[in-house]
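I opened the model today to look up a few things and write them down in order. The entries go from the whole chain to single residues.

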Amino acid sequence: MASYIIRLDDAAEKRDISKWNQIEQMLDAYAVKPLAGVIPCCMDPEMEHYEKDACFWEKVRSWEKKGWTIAMHGYRHVYDSMDGGLNPVQNKSEFAGHPLEVQKKKIRQGIAVFRQHGIEPSVFFAPSHTFDHNTLEALKQESAIRIISDTAANSIYKYRDFWFVPQQSGRARRLPFQISTFCYHPNNMQEQDFVKLEKFIQTNRNSFLGFEELDFTCSTGKTIFDYVAGQGYFLFRKFRESGRKAAMVKLINKVKEAGFCNTVTGSVKRVYYELLCRKYRFDRWHISPYELRKYIQAAAGCINKGGGIPHRVIDIGCGLGELLRHVRAEDRIGYDAEVQVIRAAKRLDRTKKITFRQGRFNKTFSLGSIQADYLVTLNFTHGKPETYWKEIYHKQLSENDIRCVIVDVFPRKDGQYHLNWNHILPAGYQRMERLGPFPGKKYLEVYEKKQ
């Protein structure tokens with residue numbers, strides 16, 4: 001049976017006292033014990049116009065005494081970062097994106113305010129739902145808090161020694177989850193919001209739980225369903241915020257671009273890769289699957305279209321090995337600068353026939369004087385000028401016997417170079433094919449060494 005939790009955000013000395021009293025009286029009438037998010041040192045300019053409650057901390061202690069769970073809702077409730085962190089509901093944050101020491105100071109000073117008033121918060125949730133790994137580490141080092149109220153999931157799960165109680169909606173309604181948290185901001189509630197909430201509580205009274213009634217003993221990590229729920233939630237938000245018509249056009253274009261079957265398969269794989277990303281902690285850039293990247297499909301098609309099977313294919317910046325798993329070759333070797341993504345790629349290689357190695361394509365990089373039919377270098381060269389790459393490619397192609405090189409070309413943009421590969425590669429290489437355009441006006445070029 002589904003269970004519901006009420007969460008109240010933005011309790012502070014300056015707040016709409018009458019609305020907070022109204023929500024308190026309603027919840028008391030039905031014996032619903034909410035999670036109350038208290039801002040310990042509120043400096044949010046949007047709350048300055050409210051009347052200051054001189055007895056605020058006495059009120060918080062009275063909430064706690066009658067069974068409400070008190071949560072630390074940030075520190076000052078002031079946004080000083082544009083980072084969405086681990087739960088990018090918004091692109092603004094008080095915590096996400098800041099160094100660990102900065103976040104530790106905020107947590108430490110916030111906890112000190114609570115303790116000054118005789119309160120030990122047991123739960124944390126950040127303003128605008130945005131936090132990152134440093135936030136968790138700061139909480140671990142500076143507080144006893146091990147419960148987070150946030151993220152979209154089916155039920156309670158554990159991650160990095162913290163229990164996450166999912167928070168999926170800003171209003172009370174039936175949802176297909178085992179546990180649903182409804183987040184209300186009493187300061188901003190209108191009369192109709194109170195009426196609708198009370199009606200939902202009356203209809204579903206036996207389904208409401210307080211935090212003290214939650215079972216944290218049997219929770220495990222996120223399930224595939226949790227990841228699907230999370231991705232679906234963020235997709236829905238984008239759909240809603242960008243406008244239904246515009247979002248539908250974008251979805252239709254994506255299906256046209258990738259094909260229906262590839263869109264479905266790629267979306268499922270992306271959810272799984274998101275799980276791997278959380279486990280191995282590699283860059284999220286790598287989670288885009290083969291089925292949703294037309295240029296990778298084109299590169300694989302170029303390699304596979306020949307009459308025979310290539311002897312060796314080398315992919316620099318291989319990520320999770322999406323290209324290598326889709327090409328035919330006697331020997332397939334992938335390099336990537338991130339050791340974490342190499343570990344995940346090895347896990348995905350069920351055949352164990354692909355060699356994955358850590359390595360950064362620079363002046364000290366060495367392939368070890370080998371022979372290969374294809375050297376693929378995509379997605380990382382456009383951040384530096386031709387002069388930088390010319391020395392590196394000349395070194396690699398002189399030390400190794402490489403028949404073909406596959407590279408990419410991007411349009412000229414701020415911080416992005418439009419590379420002319422005829423100026424970079426040795427004179428012995430001739431462009432044989434140009435593939436594209438692909439999304440972002442990207443092209444692939446295939447160069448072959450003259451005999």
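**Ground rules.** I am working with a predicted model, in which local features need pLDDT of at least 70 and side-chain atom pairs count only at pLDDT 80 or more, while totals for chains, interfaces and linings use all residues. Residues are numbered from 1 along each chain as its sequence is written, and side-chain values use heavy atoms, with hydrogens and water left out.

**Whole chain.** I noted 12 helices and 15 strands in the protein chain, taking these as DSSP runs numbered from the N terminus (helices H or I, at least four residues; strands E, at least two). The C-alpha trace spans about 85 × 40 × 40 Å along its principal axes. Of the 451 residues, 52% are buried, where buried means under 20% relative accessible area, exposed over 50% and partly exposed in between, with a 1.4 Å probe and protein chains only. I also looked up the contacts (heavy atoms within 4.5 Å): among those with a separation of 6 or more, 67% join residues 24 or more positions apart.

**Helix H2.** Which residues of H2 are buried? In this helix, residues 56–65, I found Phe56, Trp57, Val60 and Trp63. Viewed down the axis of H2, these buried residues fall within an arc of 110 degrees, so they line one face of the helix; the arc is that of the directions from the helix axis to the C-beta atoms. On the other side of H2, I recorded Glu58 and Lys65 as exposed. The buried residues pack against strands S1, S2 and S3 and helices H1 and H3. After H2 comes glycine 67, with a positive phi near 105 degrees.

**Aspartate 315.** I located this residue in strand S9, residues 312–316. Aspartate 315 is buried yet has no salt bridge, and the nearest side chain of opposite charge, arginine 293, is 7.9 Å away; a salt bridge here requires a side-chain nitrogen of Lys or Arg within 4 Å of a carboxyl oxygen of Asp or Glu. Leaving out residues up to four places away in sequence, aspartate 315 touches Leu323, Leu324, Ile333, Gly334, Tyr335 and Val376.

**Backbone entries.** I listed aspartate 10 for its positive phi, near 70 degrees; this residue is found in strand S1 and counts as buried at 8% relative accessibility. Serine 369 has a positive phi near 55 degrees, but lies in the loop between strands S11 and S12 and counts as exposed at 60% relative accessibility. Lastly, I noted a cis peptide bond from glycine 436 to proline 437, with omega near 5 degrees, and placed proline 437 in strand S14.

Notes:
Lys and Arg count as positive and Asp and Glu as negative; His and the chain ends are not counted.
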